[in-house]
Amino acid sequence: MKAVFLDAKTLGDDVDLSPIESVTGGLEKYERTAPDDVLERIRGFDTVLVNKVVLGREHFEACPELKTIAVVATGLNNIDQAAARDHGIKVMNVTNYGRSTVAQHTMALMLALATRLLDYDRDVRSGLWGKSDMFCLMDHPIMELEGRTLGIVGYGDLGEGVAERAAAFGMRVLLGARPGQEAGEVDGYSRIPLDELLPQVDVLSLHCLLTDETRDLIGARELKMMKPDALLINTSRGGLVNEQALADALRAGEISGAGFDVLTEEPPRNGNPLLADDIPNLIITPHSAWASREARQRIVGITAANLNSVL
């Protein structure tokens, strides 16, 4: 096996790649690879590792020796999978590595929004507490999570992890059926159509992949169906929520707050409706929910095991 990693920097400098190097018998590494450099760098390799580098039909046609693509992430949007099949190239990805860290980040966003943590911190730092005529500030409404209803759309490994943690806070959990998904009962939780779920939830958390069926899953119509004090959490994929519709809904008070770890363009070099300064109770983090060192090291181990399976 002759392997090259085109964007090793995406896993960080603090992970040990030796499990992959051991399986592949060595590994040529590039920190990043620009689109114009992809073809030159994959020539002569039968195995290519990528995170976000795009690989398409033109690459496969020019490199008949290519046999395996290992995506060191879950999403496969950057790989032309139909073209890979046409050329007999096996495409593998990594799943079930980020349950702990993504669920933790999801709960952190939920808690910060429910307690208005950033608003109160900002008030203290601006001197408002020091000017108060009482011992405390109560300017922002605080939501107790106990007894509230959490709706989860996407009940895979990550959604299941969030459900477990939410239950520890005393929340009631309901599941939402994605388009084309049947309603029913899963692990003791009711899975109901999205239109039935939205009016019931106090918090909606998204954990599904971005597909043609889930793009703009939550738009202006869906946001209007939610409670005015509801929270929306997205640690899954940008594009599941219509960002302009969400910005408008938050300004209008149609929902109470939102916490996002993902945007449609990452990094958002061309601006984004959710980055405006006048949107209340919105927290945006830079696609970092997955990025604990433990999770990134698990990605390495799972990738090594995947590659070993094709030897």
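This is a predicted model: local features need pLDDT of at least 70, side-chain atom pairs count only at pLDDT 80 or more; totals for chains, interfaces and linings use all residues.
User: OK. Which domains does the assignment give?
Analyst: Domain 1 covers 1-93 + 291-307, and domain 2 covers 97-282. Those bounds come from an automatic or database domain assignment.

User: How far apart are their centres?
Analyst: Taken over C-alpha atoms, 33 Å.

User: And what does the interface look like?
Analyst: Nine residues of domain 1 contact six of domain 2, contact being heavy atoms within 4.5 Å. About 620 Å² is buried between domain 1 and domain 2, with carbon and sulfur atoms giving 55% of it. Buried area here is the accessible area (1.4 Å probe) that two parts lose on being put together, summed over both.

User: Which residues of domain 1 lose the most area there?
Analyst: Thr 74, Asn 77 and Arg 298, which together make up 46% of what the domain 1 side buries.

User: How many salt bridges between the domains?
Analyst: Zero between domain 1 and domain 2, counting a side-chain nitrogen of Lys or Arg within 4 Å of a carboxyl oxygen of Asp or Glu. The rule does find one residue pair in polar contact across that interface, both at pLDDT 80 or more. A polar contact is a pair of N or O atoms within 3.5 Å; within protein, one must be able to donate a hydrogen and the other to accept it, and residues adjacent in sequence count only if both atoms are side-chain atoms.

User: Switching topic: what does UniProt list for 107-289?
Analyst: The unreviewed entry has "domain: D-isomer specific 2-hydroxyacid dehydrogenase NAD-binding" there. UniProt positions are in the numbering used here, feature names are shortened, and annotations may be inferred rather than shown by experiment. The span is 27% helix and 19% strand, and its end C-alpha atoms lie 11 Å apart. Helices (H or I, at least four residues) and strands (E, at least two) are DSSP runs, numbered from the N terminus.

User: Where's the cis peptide bond at Pro 267?
Analyst: It runs from Glu 266 to Pro 267, with omega near -5 degrees. Pro 267 sits in the loop between β12 (257-260) and β13 (282-284).

Note on methods. Residues are numbered from 1 along each chain as its sequence is written. Side-chain values use heavy atoms; hydrogens and water are left out.
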